[in-house]
Amino acid sequence: MSKKISSEPYKGVRDFYPEDYATQKYIFSTWRKIAERVGYVEYEASILEPAELYKAKGADNEEIVKEQTYTFVDRGDREVTLRPEMTPTVARMVAAKRRELGFPLRFFSIPNLFRYERPQRGRLREHWQLNVDIFGSRSLAADAEIIAVAYGIMRAFGAENKDFEIRVGSRAVLNNLITELGLSEDSAKQLFSLLDRRTKISAEEFGQGLADLGVSADKISSNEPPEDIAKILQDFRDAGIDNIVYDPSIVRGFSYYTGMVFEVFDTHPENNRSLFGGGRYDNLTQMFDDEPLPGVGFGMGDVTIRDFLAVRNLLPPYTPPTKVYIAIPSPELATEANTFAGRYLRPQGVNVAIDFGERKLSDQIKTATKHKIPYLIVLGPDEFTSGNVKVRDLTSGEEKIFTKELLAEFFLNLGK
Ligand code: HAM
């Protein structure tokens with residue numbers, strides 16, 4: 001016998017069976033609805049990018065590029081990378097068509113991204129990430145809008161203000177500090193990385209890291225927000241949004257951020273971690289041409305938000321698209337059952353699945369239950385002759401009889 005292949009998926013990626021996929025689609029449709037509501041339009045691009053897109057100066061040193069990209073050489077000797085994030089791709093797309101596109105430009109996308117990570121709770125090797133970005137504006141109102149979209153999405157999922165906290169930091173403040181202290185590019189990167197890991201390491205380790213870089217702790221822990229961030233926070237508070245704070249330790253991992261940066265944290269005591277984040281990046285398109293094009297946006301992953309919603313019972317229960325299952329006592333009735341559904345149910349808009357009648361009726365009903373299909377009809381010779389059918393509610397066991405002409409109406413009126 002030949003060696004069998006494992007039916008497990010590749011490490012760190014997920015198979016989506018229908019119930020999981022329904023959850024995924026719910027998350028995507030909520031993202032899409034809110035992004036479109038505030039004037040963002042959807043774009044897409046290929047998963048494959050030339051590897052050099054991630055090797056621009058400044059990025060080549062980053063953990064994500066050095067250790068986490070899936071890169072291969074194609075048959076034509078080109079180095080190709082599976083996109084680990086969408087920001088370089090969208091910057092490339094906007095730079096390529098900057099003459100045609102209207103600014104300010106509001107763009108969103110829901111790409112799947114690949115990172116060679118050690119799989120763990122909240123971190124996988126493939127995830128989907130809502131990307132919401134504004135190009136062509138330096139206005140503080142654009143920064144505030146991006147945070148507001150993030151907030152609006154959390155609320156649309158049913159989260160309350162007490163469930164999450166928006167922590168806003170400033171790359172500009174840090175960049176000034178780096179200049180003031182005269183830190184080298186390498187030390188600056190180490191400082192970003194140290195601040196980024198702050199909540200994951202001990203206070204001693206953090207203090208030691210600062211000391212090694214020659215940075216005194218009071219320099220990075222001043223709770224005095226810079227003026228622009230203070231204005232954003234005040235506007236949110238005036239609008240009754242109180243779960244937003246200034247946090248000088250928020251820096252974010254990528255070196256392309258230049259101004260406001262933010263991260264949204266779960267406030268659950270057992271899950272106090274970052275859910276997603278973003279910020280302002282004013283120089284990214286300079287890898288394509290010299291004309292500056294400011295950007296601000298965020299990326300929200302499906303893995304962390306899904307855990308957040310599941311823990312709080314905020315995910316909708318699964319309902320299959322199929323409303324009714326038709327069981328038949330013998331295989332010869334399959335054609336007639338199909339004709340019945342094709343006349344009295346499907347054209348009216350009722351989704352129907354029909355068993356092939358190869359097993360006992362009780363087994364056919366078990367299949368309907370496994371698929372969580374809410375209703376069952378048994379179509380046998382009697383039903384075909386009389387034209388009256390019994391509809392069984394598979395949850396309550398309740399039964400109702402309908403003439404074939406009034407059947408569709410019953411299903412179409414459900415939930416009305
Ligand atoms: P990021 O912080 O690397 O930023 O990723 C954004 C979010 O994507 C994370 O906070 C998390 O929700 C999710 N995420 C990232 N990596 C993984 C993973 N391995 N498994 C599961 N979820 C993950 C960016 O990617 C920026 N490009 C976002 C951005 C857009 N900034 C401005 N515009």
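Let me begin with a definition: two strands are taken to pair if DSSP finds at least two bridges between them. The structure before you is a predicted model, and I shall apply that criterion to strand E11, residues 274-281.

On one side, E11 is joined to strand E10, residues 260-266, by 5 bridges, and the two run antiparallel. Strand E12, residues 295-301, is also antiparallel to E11, with 6 bridges between them. Phe276 illustrates both pairings: Val264 stands opposite Phe276 of E11, and the bridge partner of Phe276 in E12 is Met300.

I turn now to the ligand. It is surrounded by 25 residues, and the closest are Glu85, Thr87, Glu117, Tyr257 and Leu275. By class, the shell divides into 9 nonpolar, 10 polar and 6 charged residues. Strand E7 (126-135), E11, E12 and helix H10 (302-311) each contribute at least two residues to this shell.

Which polar side-chain atoms lie by nitrogen atoms of the ligand? Thr87 places one at 2.6 Å from a ligand nitrogen. For Asp133, the distance from a polar side-chain atom to a ligand nitrogen is 2.8 Å, and for His127 the corresponding value is 3.2 Å. On its own, the ligand has 650 Å² of accessible area, and the protein covers 96% of this.

Finally, the overall arrangement. The protein is divided into domain 1, 18-311, and domain 2, 324-412. Their C-alpha centres are 50 Å apart.

Technical notes. Residues are numbered from 1 along each chain as its sequence is written. This is a predicted model: local features need pLDDT of at least 70, side-chain atom pairs count only at pLDDT 80 or more; totals for chains, interfaces and linings use all residues. Side-chain values use heavy atoms; hydrogens and water are left out. Buried means under 20% relative accessible area, exposed over 50%, partly exposed in between (1.4 Å probe, protein chains only). Helices (H or I, at least four residues) and strands (E, at least two) are DSSP runs, numbered from the N terminus. Domain bounds come from an automatic or database domain assignment. A residue is near a molecule or strand if one of its heavy atoms lies within 4 Å of it. A polar contact is a pair of N or O atoms within 3.5 Å; within protein, one must be able to donate a hydrogen and the other to accept it, and residues adjacent in sequence count only if both atoms are side-chain atoms. Accessible areas come from the Shrake-Rupley method with a 1.4 Å probe; for residues, only the protein chains shown count as cover. Ala, Val, Leu, Ile, Met, Phe, Trp, Tyr, Cys and Pro count as nonpolar, Asp, Glu, Lys and Arg as charged, and the others, Gly among them, as polar.
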